[in-house]
Amino acid sequence: MNHKFFTLPLLMFTSAANADALNVLIYHHVDDSTPHSTSTRVDDFIKQLDAFEQQGYEIVDLQTAVREVQSGQETPQKRLALTFDDGFRSVCDTAYPILKERNLPFTVFVTTDPVDANYQGYCDWEQLREMSKNGATIANHTLDHAFLVRESLQDTDWFQSATRNIEQAQLRIEQEIGHAPMLFAYPYGEYNHELRDWLKAQGYIAFGQQSGSIEQHSDWQALPRFNAAGNYASVSSLRFKTSARALPTDFSALPDPVVTDALPPLTVELTPSDEAHYPHLQCYFNGQSVELDWHDDTRFTVLPPKELVNGRHRINCTAPHRNGSPFYWLSQQWLVVNQ
Ligand SMILES: [Zn+2]
């Protein structure tokens, strides 16, 4: 059998598009005067939207697209969804008119207490209602942006307090907007398995702040998003992210992010793949390349390069496609507590 003849059409198809994947971008401020690391400058935001269009991306409704990926439904176009966390004023005042003019859907994960308190830096309910009539989905980001799971190893009340926080924010959105989708974004991207499993039982889809792409083997209560702010706002930096795929592995089998161990091991069992080139897989810890310990062709363990201090840390692993691109991503957040 002539193998070349059979593999060529397959390669052409896989490099053409990520039709069965969804990539989600996370924004906070769209503003020239707010802090750099959480802000996307207005002209960068416009350049990004222009680039997505030129590169053939369809900007899609988040919930609909997630359901399509879940059900294995393929679409002809490459898809991107835009999300804005916290409900900052610049989203209503600046991003919204730009998105509305282009008729693009987007999701705002709102922290409801500052909106209820009419804080200056936040959208008000009237603005959020107006946006929800014109392409925006208003979704849950807790009442008060609490650290939901930081006390989970010492305090037995954390679970009740976290779940009540989410339920009450959901109620406020329902009361003010008229409906609340079953979508949730973890403040600071911090979660543990117990909270994730509760959200699943309630029927929520939930998003973290780790990087990656959404595919059928994703963890639906710990979905990744790519940061589109600060140093990551340039069109050239985003091009690499928007084309990214998910590393072939069962993401729900990844370890609980909350650990007491200052050197938490991350062991990943990869699914054999004709597309992702595992010998070129690399992992980065807080941006620094780290060595992998391969147990066999598809299983490796990676450790932080040094003991971790309390707080959030991130490990990103990427492997190129056999043809060089796109890249397949896996990102694990560690939240080290209680040392
Ligand atoms: Zn937030």
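Predicted model: local features only at pLDDT ≥ 70, side-chain atom pairs only at ≥ 80, totals over all residues.
Residues are numbered from 1 along each chain as its sequence is written. Local features required pLDDT of at least 70 and side-chain atom pairs pLDDT 80 or more, whereas totals for chains, interfaces and linings use all residues; side-chain values use heavy atoms, with hydrogens and water left out.

The secondary structure of the chain comprises nine helices and 19 strands, taken as DSSP runs numbered from the N terminus (helices: H or I, at least four residues; strands: E, at least two). The radius of gyration, calculated over C-alpha atoms, is 20 Å, close to the 20 Å given by the globule rule for 339 residues, so the chain is as compact as a globular protein of that length. The rule is 2.2 Å times the number of residues to the power 0.38. Along the principal axes, the C-alpha atoms fill a box of roughly 65 × 50 × 35 Å. Of the 339 residues, 53% count as buried (under 20% relative accessible area, with exposed over 50% and partly exposed in between; 1.4 Å probe, protein chains only). Among contacts (heavy atoms within 4.5 Å) between residues at least 6 apart in sequence, 69% join residues at least 24 apart.

The zinc ion is coordinated at 2.1 Å by D86 through OD and by H141 and H145 through NE2. Donors are N, O and S atoms within 2.8 Å of the metal (3.2 Å for Na, K and Ca); water is not among the atoms, so sites may look incomplete. The donor residues follow the sequence spacing D-x54-H-x3-H. D86 lies in strand β5 (residues 78–86) and H141 in the loop between β7 (136–140) and α7 (158–177); this pair, 55 residues apart, links distant parts of the chain. D86 and H141 are both buried.

Two disulfides are present, each defined as a pair of cysteine sulfur atoms within 2.5 Å. In the disulfide of C92 and C123, the sulfur atoms are 2.0 Å apart. Its S-S torsion is about 115°, so the disulfide of C92 and C123 is right-handed. The bond joins C92 in helix α4 (residues 89–101) to C123 in the loop between α5 (112–116) and α6 (125–132), 31 residues away. Both C92 and C123 are buried.

The sulfur atoms of C283 and C317 are 2.1 Å apart in the other disulfide. This disulfide is likewise right-handed, because the torsion about the S-S bond of C283 and C317 is about 105°. It links strand β14 (residues 282–285), which holds C283, with strand β18 (residues 311–320), which holds C317, across 34 residues. C283 counts as buried at 1% relative accessibility, and C317 is buried at 0%. With bonded cysteines counted along the chain, the disulfide pattern is 1-2, 3-4.
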